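Please have the sequence and the 3D view open side by side. The report below moves from single residues to the whole chain.

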Amino acid sequence: MIPGFLPSTGFLGFSESLHPNSAPGLGFLLGEQPDASILDNFAANGWITTDTLLNQQLTQQYTSRLNIRSTIEPINKFRIQITAQRSETQNSSQLYRNMGNEEMPDFQSLNKNVTGRFNMSFLAIGTAFRPMNLNSSETFDELRFMRTEIANRVAQQNGVAVNSSQEYPVGFGPNSQEVLIPSFMAAYSGNSASSQTLNKFPKVPMPNWNIKFDGLIGVPWIKKRFKTFSISHGYSSTYSINSYQTNLFYNPNEAFTGTPENNPENFDVNGDYISQYQIQTVSISEQFSPLIKLDLTMNNSLTTRFEIS
């Protein structure tokens with residue numbers, strides 16, 4: 001429901017039956033979400049109240065889920081199940097009302113705020129078996145070293161000049177959210193800084209898998225002693241942004257422009273450009289489920305399991 005919507009509802013949801021320009025329009029009745037252009041059209045048609053005291057927010061929810069599952073059997077009794085998933089939930093709210101007067105209305109969108117969460121299947125097996133020392137980590141050291149190249153790529157993508165004499169470009173320092181998150185993904189996935197996507201919400205989920213092989217039961221020595229004999233392996237990893245919300249200091253019309261001296265409103269206290277979203281926590285979880293498992297059932301029905309996770 002759009003706050004302040006004036007026309008009454010008639011047949012099939014239209015204010016005027018079978019009229020081509022009847023409110024609220026066929027697209028809206030079929031589920032089209034009102035963006036800025038649709039709201040402006042509603043206001044231009046006189047479908048939204050011009051009351052300047054309207055204080056009810058327009059709220060919208062967007063949910064996207066992608067689940068992929070496939071099972072292949074390249075040889076008899078050797079099954080590979082591949083899965084991938086991506087999900088995002090976003091809630092937005094804004095106040096859309098007349099900021100002018102009754103005679104000369106001026107509709108504006110005020111205090112737009114977006115909150116959400118995101119997760120998708122990830123692939124970090126390339127760094128899973130790296131050794132770790134008590135006070136150091138090869139993968140974490142790579143993350144630190146990657147930041148300079150990632151920062152230069154982010155700057156170029158946003159039209160910010162890159163100076164080869166400086167380690168980091170203006171506004172994209174080593175602790176900038178725009179730099180740290182792609183560096184984090186690159187380091188723990190084993191990607192290079194040059195090939196890593198800079199999108200904090202990647203479009204394509206990575207594959208996870210479960211593998212099971214029952215074919216050894218056909219070996220005569222094993223078949224003579226066991227009813228079942230299977231080997232399995234599983235891997236799953238998830239990249240998650242637990243919560244994010246609109247940065248109220250972000251100005252889309254002046255994003256990633258200026259310097260801390262001539263445009264300080266575009267920078268945070270660390271001298272980095274203000275990002276569109278404030279992201280609280282980013283995590284990568286990884287699990288072998290299991291690394292290898294051996295399930296045996298002997299002819300006397302004794303069941304044995306060996307598992308390494």
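Predicted model: local features only at pLDDT ≥ 70, side-chain atom pairs only at ≥ 80, totals over all residues.

Ser-301 sits in the loop between S8 and strand S9 (303–308). Its phi is positive, about 75 degrees, although Ser-301 is not a glycine.

Phe-256 also has a positive phi without being a glycine, here about 55 degrees. Look for Phe-256 in the loop between strand S5 (226–246) and strand S6 (277–279). Is Phe-256 buried or exposed? Its relative accessibility is 14%, so Phe-256 counts as buried; the limit for that class is under 20%.

## A cis peptide bond

Ser-289 and Pro-290 are joined by a cis peptide bond. Omega there is about -5 degrees. Pro-290 belongs to the loop between strand S7 (282–288) and strand S8 (292–298).

## Overall build

The protein has five helices and nine strands. Read from the N terminus, the order of elements is α-α-β-β-β-α-α-β-α-β-β-β-β-β. The radius of gyration is 28 Å, whereas the globule rule gives 19 Å for 309 residues. The value is well over the rule, so the protein is more spread out than a compact globule. Along the principal axes, the C-alpha atoms fill a box of roughly 95 × 65 × 25 Å.

One pair gives a sense of scale. Lys-224 and Gln-57 are 167 residues apart along the chain, and their C-alpha atoms are separated by 72 Å. Lys-224 is in helix H5 (residues 220–225). Lys-224 is exposed, since its relative accessible area is 63% and the class begins over 50%.

## Burial, contacts and surface

Of the 309 residues, 37% are buried. Now take the contacts with a separation of 6 or more: residues 24 or more positions apart account for 66% of them.

The accessible surface comes to about 18,500 Å². Carbon and sulfur atoms hold 52% of that area. The protein carries 21 positive and 25 negative side chains. The centres of these two sets lie 24 Å apart.

## Salt bridges

How many salt bridges does the structure hold? There are eight. One of them pairs Arg-86 with Glu-88, and the closest N and O atoms are 3.8 Å apart. Arg-86 is buried, at 8% relative accessible area. Glu-88 is buried too, at 11%.

Arg-144 bridges to Asp-141, with the closest N and O atoms at 3.9 Å. Both residues are in helix H3 (residues 138–157). They are three residues apart there, so about one helical turn separates them. Arg-144 is partly exposed, with 42% relative accessibility. Asp-141 is also partly exposed, with 26%.

## A longer link and a network

Lys-200 forms a salt bridge with Glu-178, where the closest N and O atoms are 3.0 Å apart. This pair links distant parts of the chain, 22 residues apart. Lys-200 is in the loop between helix H4 (177–189) and strand S4 (208–213), while Glu-178 is in helix H4. Both Lys-200 and Glu-178 are buried. Elsewhere, salt bridges with shared partners join Arg-130, Glu-138 and Glu-142 into one network.

## The setting of Ser-93

Ser-93 is placed in strand S2 (residues 78–98). Its relative accessibility is 15%, so Ser-93 counts as buried. Which residues does Ser-93 contact, leaving aside neighbours within four places in sequence? Gln-57, Leu-58 and Thr-59 are among them. Asn-111, Lys-112 and Asn-113 complete the list.

Note on methods:
Residues numbered from 1 in each chain as written. Heavy atoms only, no water. Helix = DSSP H or I, 4+ residues; strand = E, 2+ residues; numbered from the N terminus. Buried < 20%, exposed > 50% of the residue type's maximum accessible area, 1.4 Å probe, protein only. Contact = heavy atoms within 4.5 Å. Salt bridge = Lys/Arg side-chain N within 4 Å of Asp/Glu carboxyl O. Rg over C-alpha atoms; globule rule 2.2 N^0.38 Å. Areas by Shrake-Rupley, 256 points an atom, 1.4 Å probe, with all protein chains shown as cover. Lys, Arg positive; Asp, Glu negative; His and termini not counted. Charge placed at Lys NZ, Arg CZ, Asp CG, Glu CD.
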